[in-house]
Amino acid sequence: MDKNFQEEFTQIIKFNPPLYKQRHQFVKDLVEKYKPKKVADLGCADCSLLRMLKFCRCIEVLAGLDICADVMKEKMHTLSPLPVDYLQPSERSLTVTLHHGSVAHKDPCMLGFDLVTCIELIEHLEEPELKKFPEVVFGFMAPSIVVISTPNSEFNPLLPGVMLYRHPDHKFEWNQAQFQSWALETARCYDYSVEFTGVGQPPTGMEKAGFCTQIGVFVRKYPQTGESVQSEKHTEAVYKTVFKAVYPSLKDEKYLRNAVISEVIFTAQIIKHRLMSKHEEYGDDPERKSKFQPSMDFSFSDYLGKVVVEKNMEPFISGNEVHIPLATIFSFPKVNRLCGTFEKLCKLIAGKVTLSSDGSAVMFNIEHENEEN
Amino acid sequence: TIGLQVSSGLQDLSLRDRGGRRRDFHDLGVNTRQAMVHVQESKTGFSGRMIKLTTNHFRLTSRPQWALYQYHVGYSPEMEARRLRSALLFQHEEHIGKTHAFDGSILFLPKKLENKVTELFSRTRNGEDVKITVTLTNELPPTSPTCLQFYNIIFRRLLKMLNLQQIGRNYYNPSDPVSIPNHRLMVWLGFTSSILQYEENIMLCADVSHKVLRGETVLDTMHSIHSQVGEERFRDTCAKELIGLIVLTKYNNRTYRIDDIDWDNNPKGTFRKSDGSEMTFVEYYKKQYNIEISDWMQPVLISQMKRKRGNIQGPVALIPELCSLTGLTDKMRNDFNMMKDLAIHTRLPPEQRQREIGRLLSYIQKDDNVQKELRNWGLSFDYKSVSFTGRVVQGEKIFQSGNMFDYNPQFADWTKETRGVPLIRAVPVDSWLLIYTRRNYDVANTLLQSLFKVTPSMGIRMSKPNMIEVDDRTEAYLRVLQQRVTPDTNIVVCILSSSRKDKYDAIKKYLCTDCPIPSQCVLARTLSKPQTIMTVATKIALQMNCKMGGELWSVEIPLKQVMIVGIDCYHDTVSGKQSIAGFVASLNQTVTRWFSRCVVQSRGQELVDGIKACLQTALRNWSKWNKCLPSRIFVYRDGVGDGQLNTLVNYEVPQFLDCLKSIGTDYSIGFFSLSFCPRLTVIVVKKRVGARFFAEIGGGLKNPPPGTVVDTMVTRPEWYDFFIVSQTVKNGCVAPTHYNVVYDTSQLKPDHVQRLTYKLCHMYYNWSGIIRVPAPCQYAHKLAFLVGQSIHREPNLMLSDRLYYL
């Protein structure tokens with residue numbers, strides 16, 4: 001290559017978005033496509049990929065593994081649930097775990113994953129580790145999909161300032177042929193198919209150099225038989241768990257109960273509020289049963305949804321008590337969605353919400369409400 | 001693998017914690033005591049009886065001669081990657097030890113290396129040899145500001161290790177929330193903590209903190225507002241209720257303040273990203289966080305960032321659907337039932353509070369990782385809070401027209417004792433207006449009759465008012481005021497049928513600026529109960545009297561020729577545009593009359609210039625009243641935020657002194673002495689402090705009685721400061737008020753300054769009892785609040801010799 005041309009060229013090569021972001025986006029797109037429930041990131045370093053993946057709503061189990069505990073610990077707290085996650089627990093469950101250990105060792109905690117990502121990992125492995133790597137990842141963990149990315153050394157001359165390797169900790173950097181032969185051999189050995197792609201487009205005219213980062217996507221050919229999983233994998237745990245976060249979820253009864261109680265009382269109060277204002281308009285006859293007519297005067301979005309009012313669902317005021325039938329409350333979409341069945345609703349609020357004697361209605365006492373403050 | 005990684009640079013250690021640049025919240029390094037010779041030896045008082053107290057401070061202990069060693073670490077050849085730099089350095093753990101904090105160039109160690117400069121040699125995995133030079137740059141004593149910041153950072157890490165959630169400045173336990181479904185509230189229990197150098201020890205001050213969170217998004221709230229007020233008042237109500245609130249977002253752990261609502265924008269609107277490209281909010285949240293915004297018609301919230309946060313600066317747009325509200329709105333604060341429900345969970349009595357604080361300490365004590373971290377740094381805590389003796393100063397005698405009263409110290413209130421006793425100065429009400437709506441005709445009459453009953457014993461002569469009926473409209477009230485108020489009118493009383501703020505504001509605005517006449521607004525509802533009407537009428541009569549320049553009671557002030565000043569600030573959060581400083585100065589010997597003015601300043605302007613002008617007029621007025629100039633001036637300065645002490649000391653105090661000097665020269669031409677320069681004392685008053693005191697009484701913990709003074713142990717060595725518990729509380733823990741004397745040429749003993757301060761807490765005429773701060777501060781607060789909330793410009797100076805804003 002003409003030296004001047006190369007110099008000129010190296011100055012302008014700059015990826016937008018940056019290469020690491022393109023790699024992350026690649027993984028994210030893959031997750032969107034295959035919707036894996038359990039995802040592990042090997043060599044997760046500062047957890048930046050995990051941080052992105054936790055927002056993918058199909059994922060319920062997220063694990064990270066790295067040989068360096070310090071680098072994981074530095075930002076691991078960013079993987080903790082946010083206050084809002086507690087305030088509005090999500091429908092899905094999510095557990096994030098970080099393990100300290102080597103990809104050259106087997107640990108049962110890595111079994112049963114749908115997707116394992118090894119982003120810019122293998123080039124950091126010493127030869128003996130690299131040798132063990134396929135057996136651990138493809139043989140032992142055996143997820144449905146494995147993604148491996150690594151630098152493409154053919155691209156290096158186009159990068160400014162790269163002498164031997166792109167990073168001093170790299171033990172090797174392969175060209176396309178080297179990577180592909182390793183990958184094909186590995187895939188063959190463990191019954192995976194592999195497709196090659198990459199991120200970081202080479203500049204026009206230099207297409208032969210290939211992607212800056214080469215990527216192999218391995219898909220297991222046959223579903224694993226349950227037996228072989230069980231028998232072979234009596235392995236002792238060798239990884240150390242450095243972090244674990246269980247996200248609040250409506251699948252957890254504790255959070256579901258709280259959410260339902262809060263929604264029930266809130267809904268009941270909306271109904272009560274309307275009932276009372278009607279009541280006031282009609283004067284002070286406390287024995288008169290007021291008719292509840294939902295007035296949906298909402299403009300910018302359908303919020304409460306449609307309320308089905310049947311005869312036996314009418315809330316009423318009796319003396320100092322307001323009765324709001326659970327059936328009415330259950331007909332509100334939010335409550336309905338949370339509980340699913342009326343029986344579930346009754347079960348969840350049992351003992352936590354004041355009900356009428358026959359248990360069919362939420363009851364409020366309105367006597368003390370008009371107290372002077 | 002112990003090292004605590006300091007995230008980015010020394011700046012992090014000194015002034016930053018998370019996100020942008022942080023203020024020095026603890027006002028470290030403001031050493032005001034050293035300039036005051038008379039308190040070098042001792043700043044403690046002596047009067048009163050001893051009382052055994054415990055507090056929420058815990059000693060931080062370190063081994064003797066503990067120091068933090070700061071090193072600079074250089075690499076040759078230069079290494080870029082921070083990870084590599086760390087890895088190379090920590091190949092030498094046998095040299096530098098297992099415990100370290102390293103951010104890539106600055107290294108903190110709990111031990112001193114043998115040599116000032118240590119050269120280490122490492123080899124990269126590529127076989128490259130690297131020389132690492134570790135140079136000692138600083139040996140930080142445990143008390144140095146950097147070191148204290150360092151402890152605080154370590155402590156925050158500990159809280160994080162305990163899996164507590166950071167919201168704002170404090171940490172909360174999310175796993176055990178109290179939910180109050182009636183109001184859709186959730187309360188998280190958490191802790192505030194700070195580690196500081198106190199009188200003799202470095203201590204952790206830990207207190208319980210409650211975070212009120214709301215289980216609904218801003219969009220939910222907007223929907224509720226919409227269904228309550230309807231389309232017409234929707235936007236206004238949203239602005240009133242939402243602006244100023246703090247929100248949490250669904251996708252990161254940051255808090256934002258809502259500064260504005262952009263109704264012309266929506267999630268489909270675009271914004272410019274840092275790389276210059278445009279993107280819609282919908283796209284952005286989908287791409288970045290996989291969040292689908294469901295309502296595309298909602299407006300966009302605007303948050304102005306005060307500090308630079310990473311590469312984000314200026315206004316930030318937030319989507320209501322993705323924001324959760326925290327804290328309470330004013331409307332909620334006014335909801336008696338809600339506050340009652342909340343108080344059950346948040347007002348912890350002394351024993352319970354101390355128990356909760358103890359829980360935090362036991363978490364720390366029991367967690368292995370936390371203990372290991374502490375041990376490695378050579379630090380530990382005393383898990384028992386410090387105990388010491390405080391003093392309860394003698395109760396004050398209340399004087400009222402030749403009568404003298406003691407009050408029950410348990411209640412710190414003399415309402416009963418002074419009932420039916422003539423006031424010091426009762427201003428006759430010869431000409432006055434009573435304005436009411438037709439519906440409130442009966443209420444007006446009830447008030448009138450009650451006033452006629454209660455006023456004679458106070459010594460107030462009250463004539464029949466001009467009774468005027470109006471329509472229940474703001475304009476109707478204003479028209480009556482314009483037509484019927486004459487220069488002879490002593491006072492205007494308006495009975496309002498609702499607490500609608502606009503009517504109140506309009507009346508106050510007119511009568512405080514255009515037509516300066518004292519006014520009294522009363523809500524009809526407060527007069528509707530026969531059993532309380534006499535109490536209410538008594539209070540109204542007293543308030544009216546003060547507004548017309550009357551005086552109620554006094555305490556003994558032994559100092560002569562003294563002028564007391566109170567200053568407080570109000571920041572208009574709704575419009576966000578102006579700040580108001582209330583300025584109040586005593587006029588007479590008994591400090592029963594006050595001169596009041598305020599400064600209205602738009603954002604970014606310094607309040608101090610206006611305050612200087614206030615001080616000048618106050619001095620002129622004082623000299624008019626007393627035919628001389630004061631020989632001592634005490635300024636009680638409230639409204640100084642955390643971290644603003646330095647500005648106050650270096651900028652505001654010199655301005656006061658300047659002002660005094662110029663007054664001296666002005667007057668030297670006249671009949672006053674040539675070398676006039678009154679002695680000045682400036683005391684910073686702080687109500688929001690983390691310290692709590694508990695009296696050990698009968699084997700249990702109780703609130704300390706009013707008059708408890710603390711000036712040892714938990715005060716700061718570099719300040720001339722003290723705490724006073726002056727008020728009593730019915731529920732929960734009493735909060736002590738912190739007084740920091742930042743400038744003092746009075747030559748008074750600390751005991752006298754403490755006593756004077758406590759005496760002034762008795763002088764607030766809107767409450768016949770002891771209050772939390774000296775009366776002038778509370779007056780200044782009242783004034784600033786009225787102006788900031790209702791009037792928005794400086795009231796007419798004709799009113800300045802009366803407490804018209806009570």
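1. In this predicted model, the area buried between chain B and chain A is about 4600 Å², and carbon and sulfur atoms give 53% of that area. The contact involves 54 residues of chain B and 46 residues of chain A.

2. On the side of chain B that touches chain A, the largest share comes from helix 5 of chain B (residues 218-229), which supplies seven residues.

3. Within chain B, helix 7 (residues 281-289) has as its buried residues B:F281, B:V282, B:Y284, B:Y285 and B:Y289. Seen down the helix axis, these buried residues fall within an arc of 165°, so they line one face of helix 7 of chain B. An α-helix has 3.6 residues a turn, so residues three or four places apart point the same way.

4. The partners of the buried residues of helix 7 of chain B are strands of that chain, namely strand 15 (270-272), strand 16 (278-280), strand 17 (300-304) and strand 18 (315-318). Just after helix 7 of chain B comes B:N290, which takes a positive phi of about 60°.

5. For chain A, the domain assignment gives domain 1 as 19-247 and domain 2 as 253-281 + 302-365. The centres of domain 1 and domain 2 of chain A, taken over C-alpha atoms, are separated by 48 Å.

Key
Residues numbered from 1 in each chain as written. Chains lettered and ligands numbered in written order. Predicted model: local features only at pLDDT ≥ 70, side-chain atom pairs only at ≥ 80, totals over all residues. Heavy atoms only, no water. Domains from an automatic or database assignment. Buried < 20%, exposed > 50% of the residue type's maximum accessible area, 1.4 Å probe, protein only. Helix = DSSP H or I, 4+ residues; strand = E, 2+ residues; numbered from the N terminus. Arc of directions from axis to C-beta. Contact = heavy atoms within 4.5 Å. Buried area = accessible area lost by both parts, 1.4 Å probe.
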